[in-house]
Amino acid sequence: MTIPNLKMLYKFTSSLFDREDRAWKAAMIIQGILKARSPRITEVARAIPKPFFAGHKMIYRFLKRAPLKEALLRMFREDAPFVICDPTEIPRPQAKRTPYVGRLKDGKTRGFQLLVFSFPYKGRAIPFWFVVFSSRTISQEESSRNLVHLGAFLQVKELLGERPLVLDREFSYSWLLSRLKEAGIHFVVRLNTARHPTFTDKEGQKRRLSLAPGEEVFLSGLRYKGEVEVNVAGVWEPGHPEPLWIITDLDPKEALSIYRKRMAIEESFRDLKNLLGLERLMNKTQEYLEGMVALMLMAYGIGLVLGEVMREMVLWGSKSYRLYSGLFVLLRLKVRVDVREVVERALSLFPCSPASPVSSHV
């Protein structure tokens, strides 16, 4: 484990917070998260340097007062070619009375949903925004999952600009795609073929999607379920049990290329869960939960950039280079490296936007 000291981490957090005291506290907590490899406040507090013996109290005050989601938003990189949105379930089986905990998709397990927005970075993705919801919060807000999804996407609409939003198959429902088109949000979405989707051409004739192994197909101007006009790309790559279908409002060849890049970075949640203990998130209130999620995602982004620099410096040209993510190199591998040089190189690559816009739409 080669985690920089507080002074070095402050160089990163000072670009995320406008106040010096908050940047120092964020550096302490992020260092604690990386050392503890856990988001639990008690474990993070134990990893904070001894002079700050009341670390848990400092963390709670910081979670309550600091604009943590706004600080995370500054992680966004303006030259990002597209934005990825991925959902993940966080089980909380023992949280019987926690207000933001509902039931997961199986209808039995207690937990909540975390919807994370990221941009691609060296084979992984750096998070910059997120939304927390559950079956219970949706019920309390008299909303629905569809409206939660749409509301989350509208929050980042201004930031997206002309960048496409890249989504997995659970978002391939016509109501959402129609609303994205109305909002002017470009999308690249994997089609859920298990739902037996229907398409019609410009003449109103049904168009069946079919492919043979090794083939590609690109179709334009189809109506998905008779409701929304989309373009379609399909490919059946060797070694895969079934074809991949993409629906988009972009050129279908461009959309397929974008989605292939997304498929290469699906390991980010695995790193967050296996290396930083994402699924161990435990907070009594949603306010504290969202603060810890924001700090954890900052820790992941900073750790990833540092680790990627280390990977380039230590493993370039070796057989191990492609085996490990940057975060794995930082937290798990024992390597000899000049930490100051690593930090200086990482700072030059660190994504930070002084004022990234996010809508207040809920």
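Biologist: Which residues of E10 are buried on one side, and which on the other?

Modeller: This is a predicted model. Buried here means under 20% relative accessible area. Both faces of strand E10 are covered. One side has Leu244, Ile246 and Thr248, and the other has Trp245 and Ile247.

Biologist: Why is E10 said to be largely enclosed by the rest of the structure?

Modeller: Strand E10 covers residues 244-248. It is largely enclosed because of its count of buried residues: five of the five.

Biologist: In which sense do E6 and E10 pair, and which residue is the bridge partner of Val189?

Modeller: Strand E6 spans residues 187-190. It pairs with E10 in the antiparallel sense, over three bridges. Within E10, Val189 has as its bridge partner Ile247.

Biologist: How many bridges join E9 and E10, and which residue of E10 does Gly234 stand opposite?

Modeller: Strand E9 holds residues 228-235. Its pairing with E10 is antiparallel and runs over five bridges.

Biologist: Which helices do the buried residues of H1 pack against?

Modeller: Helix H1 covers residues 6-13, and six of its eight residues are buried, so it is largely enclosed by the rest of the structure. Those six are Leu6, Met8, Leu9, Tyr10, Phe12 and Thr13. They pack against H2, H12 and H14.

Biologist: At the start of H1, which residue's backbone nitrogen does a side-chain oxygen of Asn5 reach?

Modeller: The two atoms come to within 3.2 Å. The side-chain oxygen belongs to Asn5. The backbone nitrogen belongs to Lys7.

Biologist: Within what arc do the buried residues of H14 fall?

Modeller: In H14, Val342, Val343 and Ala346 are buried. Seen down the helix axis, they line one face, because they fall within an arc of 95°.

Biologist: Which exposed residues sit on the face of H14 turned away from its buried side?

Modeller: The buried residues of H14 have cover that includes H1 and H12. The face turned away from that buried side carries exposed residues. They are Arg340 and Ser348.

Biologist: What is the radius of gyration of the protein?

Modeller: The secondary structure comes to 14 helices and 10 strands. For 362 residues the globule rule gives 21 Å, and the protein comes close to that, so it is as compact as a globular protein of that length. Its radius of gyration is 21 Å.

Biologist: What share of the residues is buried?

Modeller: The protein has 362 residues. Buried residues make up 54%.

Technical notes. Residues numbered from 1 in each chain as written. Predicted model: local features only at pLDDT ≥ 70, side-chain atom pairs only at ≥ 80, totals over all residues. Heavy atoms only, no water. Buried < 20%, exposed > 50% of the residue type's maximum accessible area, 1.4 Å probe, protein only. Helix = DSSP H or I, 4+ residues; strand = E, 2+ residues; numbered from the N terminus. Pairing = 2+ DSSP bridges. Contact = heavy atoms within 4.5 Å. Polar contact = N/O pair within 3.5 Å; in protein donor to acceptor, adjacent residues only side chain to side chain. Arc of directions from axis to C-beta. Rg over C-alpha atoms; globule rule 2.2 N^0.38 Å.
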